[in-house]
Each structure stands twice: as structure tokens, then as C-alpha cells.
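Here is a short report on selected features of a protein model. Look over the sequence and structure before reading on.

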Amino acid sequence: MIEKFSNISNSRTIGLSIYRIVLSFLVIKNMIFYYPLADDLFGVNAIFPYNDYVAIMHLYGFDFLTYPFNITVAARFFIFITFSVSFLFLFGVFKRVTGILLYICLFILRQRNGFILDGSDNIMDVTLPFLIIADSYNYFVYDVNFIKKIQIKNHYFELIKNYIKSTAVFGFMIQICFVYFFTGLAKVQGDLWLNGTAIYYTMRVEEFRATSWNIPLTESHYFVVFNTYFTLFWEGAFAFLIWFKQTKMVIIFCGIIVHFGIWLFMRIDNFSWIMIGTYSVFISNQEYVTLNCKILEIAKKIKNNRRLKTITLMYQNYEKK
Amino acid sequence: MKKQIKPIVAVTLCLSMITSSLMSSPINDVGSFSSKSNATIAETKCKVEFNKTNALPTIARIAVQAVGEAYMLSKFVTSCLQNIRENNINAIEDFTKNTKNKNDTVALNKYLDKSIITCFGHKSILQYSKFVINKINNGNSSDSIFVRYQIFNAEFPRFSKRKLNYYDLSGYKFSKSLSKYFRINNLN
């Protein structure tokens, strides 16, 4: 039983690596946007008072992590450091060490100016610790070995190591289920979601009205009611149906559509991409192989069909001559 | 040498912000500022809308710029307002729990005024206002600067009236939930 559980970590390595890449890309993107405004957002005279940041760090007991943003160019330097660490994490360089450093960097930035963060930053916060522990360094990795690895070849040691990694994978998946389940529960408490009109209001909010299509689309009764209840049921069902083979792909497909819609019509970009990225962990290595085989098969069929069409066309041309 | 007396300059910046609740309005930050110099009042009203040279824009540009600085600032303002609202709700709860006379609105307002000073969202809005005033003031020194930001609750036509013109403000209901002047010190 324990051995079976321990193997779970090894069966999700592709998904974990994909999620590592998605997360690193988003952090890199954020840092690129932060850099020109580093002083305004995180500097000594930033829009969030520096003294409050020091007070918060003191309150949490993290005085030793208080970065001196009050020094000139310190904010830009810190953004550059975070960018570099996330770049290393993207390629899995120094693996868990880089992961921990990235977590610390993001933590400091969050405390310095928590008001510019969004849902994607929260998701990163709650998933990164699991990602660091789990086996997410098997693919798309540039392995640097400055220090010779000490390998302990002991069955029980391996078992405990894999057990911890598998627990991290499960923790990650349960965390995502928690996010959806409690968001769904919160929605059920609101009248607008229950009477099926919430989409009308959310799509018309000024800050999130990303396209000129939002107004005409929300004039349609069917569009509003269908999408409101669809979102509600899908969010509520996610935590339960994601665990079964038969329903997993359907729920993931619906999730991609929902988040793509959120990005398209409400322009909440980072959150959409990070949530879609988390789905990769729910798919096992075996399922990735099967999926890859199917895609290759379809591609082969299309290629053969094209070749057949070309041969038929050539033959028809030959007959005409 | 006779000491030169600086003219009294008071600049009042009004930032009106709409809460981004489910029922938000199509109005962005509408700012007006009035400056009083040597008792002559020169009042001007303008839409506080910054371009790229001002570094930090207001959320007015969010519709055209979905990523980047305007997007970040929009998140910042929304989070600050949310923080202020939560702070006010908690303060009211706290007041009703610990006070015998629950209907004493004067005491409640005093309590709210005290609690808002320590609120991170409020402090951040004031800090952001310093940015705004620096851009408008163009480095001219002022003896006292007051900032007023307003939080509106706005409701646009309900779902049953969805065919109404979305951009026509006469169909909207506005109510003010916060509107006060705060002095900004240590402007730099």
C-alpha cells in the first residue's frame, strides 16, 4: 500500500515539469512588467508605504528577511534577482534550492506591496511549496552538478523520500480542489449566482470589460443564464470529478474553456494561465503518452490523407493528359 | 535680510473611485483639483488621466491597456478600496460589540476615523495621491495639501433592464460610502 502510494510521485513528473515551466514563465513576465516601475511599486517612496512593509515583516517575525528597499536602485536590483531566480527555476537549475529562493523572493515582494497582486499570485503561493518538494525536475531541466551528489542506496530511505514527494503531489491536487470547491461555495451564497444572472454583472464591470462583445453578449438571456449555471456546477463538481478517469478529461476541458473565456472577456490573464497550468499535474505520465500517441496518430492520418489526395490529383492530371 | 514670506498654497485633490463590486459602474477615476493661492480661489476641474510620461496612470486607461502599468494600478486601487471596506466593516462590528449605545453615530464616526488611519489600504491611497499631486503640482511647493478620495457604490441597470443603453448614466444608481479630506504630510 505504502509502496503503491510512493510511486504516485513518479507517475506525475511530466505534469509537474509543465507546471514548473508555466509558473516560472508567469513570474518572469511579472518581473518584466515590474522592472520599469520598480521604484514606484517597491521603492522607498512607493505607492505602498515603506514603513508599513517594515512593520508587517516585524509583525510576522521575519525581520531577518527585511530587504532594504529604502536604498536607491535596491528595488530594481531585487526585481532583477527574482527574475534571475525564476529563470533558473524554469530550467530546473539547482532544483529545490532555486525553488526555495524563488519562494522567499515572492514572499518579500508580496509583503512589500501586496495590493498589486492578484489571484494568480495567491495560487503560486499555495502551490509552490508542493512543487518544490515534488518531483518536478525530470523534464526540461539543465542539470548543473557543481557538487557531487551523495547517493544513499537504501530501500527504506528511497521509500520515505518517495512517500514525501507523493504526499506533496497529493497536497498540490487537493489544494487546487480546495480552491475550486470553496470558490464554488462562496458563489452559492450570492443571490446573483443562484438566480443565474451573475455573468451579466461580472462581464459588464468596467475594469473587466475587455471586449466590445461583452455588452451585446450579456444582452442574451440564454448566454447569461447558461454560463452562470455552467460555471457554478463545474466549479462545484471539479473537486469530485477530477479524481475519476472517466470524467477527468471532460472536467479539464471545461476548465480550459472557462479560463480561456475569463481571459478573453475579462482579461484576467495570469490567473487563467496558472489555473490551466495546474491541470497538467492531474494528468499522469501514462495519460500523456496515450495523448501523445493519439495526437501523432491523427497527425499521421491527416498527412496520409493529404498524400492520398496529392496522388489522386496527380493521377487525374495524368489521365487528362 | 528680511525673511521672504511664502504664499499660502493649498491644493485639494479629489479622487473619486468606484468600488469594484459585482455591480460596478462605467465611470473611472474622475478627479478634480482646486488650488487656493493668496485667498484667491482658482478652481479647475480635470479628469486625472495620465499618459506614459507620468509613470503611474489611473484606472481610466484599463479599457485600452489590459496589461502593464495600468492593469497593475487597477489591481492596486481595487485592493486598497477592498481593504478600506473590510476595515470599515470590522470597525463597525467592533464598535457595536464594545459599546453600550449602539445608535451613537457621532461616536461611531469618531471610531471609524481613528480606525481608518491605521488601515493599510487608506495609507496606500494617500501614498498614491502623493504621486498624483506631484504630477499635477509640477514640483511647486505647497504649505498644505489635502486629499479627498470618495468611494461610491454604483449599480447599473439590473438584468431585467439589460437592453437599456449601458453607457447612459441616467439609468445608474450611485451612493457615496466614503468622502473625506485627509492631509498629506511629508510630500516628496
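## Nonpolar surface patch

Helix α8(A) gives the nonpolar patch its largest share, four residues. This is a predicted model. Two helices of chain A, α8 (155–188) and α12 (221–241), each contribute at least two residues to the patch.

The patch lies on the surface and is formed by I174(A), F178(A), F182(A), L185(A), F240(A), L241(A), W243(A) and F244(A). Together these residues have about 770 Å² of accessible area.

## F240 in the patch

F240(A) sits in helix α12 of chain A. It is one of the patch residues. Its relative accessible area is 48%. Buried means under 20% and exposed over 50%, with partly exposed in between, so F240(A) counts as partly exposed.

## Packing of α6 and α7

Helix α6 (residues 95–112) of chain A packs with helix α7 (residues 119–133) of chain A. The angle is about 165°, and the axes are 9 Å apart. Angles over 145 degrees count as roughly antiparallel. The two helices, α6(A) and α7(A), are therefore roughly antiparallel to each other.

α6(A) passes α7(A) in a left-handed crossing.

## Burial of α14

Helix α14 (residues 269–282) of chain A is mostly covered. Of its 14 residues, eleven are buried.

Which residues of α14(A) are buried? They are D269(A), N270(A), S272(A), I274(A), M275(A), G277(A), T278(A), Y279(A), S280(A), V281(A) and F282(A).

Notes
Residues numbered from 1 in each chain as written. Chains lettered and ligands numbered in written order. Predicted model: local features only at pLDDT ≥ 70, side-chain atom pairs only at ≥ 80, totals over all residues. Heavy atoms only, no water. Patch = residues over 30% accessible without salt bridge, like charges linked within 9 Å, V, L, I, M, F, W, Y side chains within 5 Å. Areas by Shrake-Rupley, 256 points an atom, 1.4 Å probe, with all protein chains shown as cover. Salt bridge = Lys/Arg side-chain N within 4 Å of Asp/Glu carboxyl O. Buried < 20%, exposed > 50% of the residue type's maximum accessible area, 1.4 Å probe, protein only. Axes fitted to C-alpha atoms, helices over the stretch in contact; angles between N-to-C directions. Parallel < 35°, antiparallel > 145°, perpendicular 65-115°, else oblique. Left-handed = near helix turned anticlockwise from the far one by under 90°.
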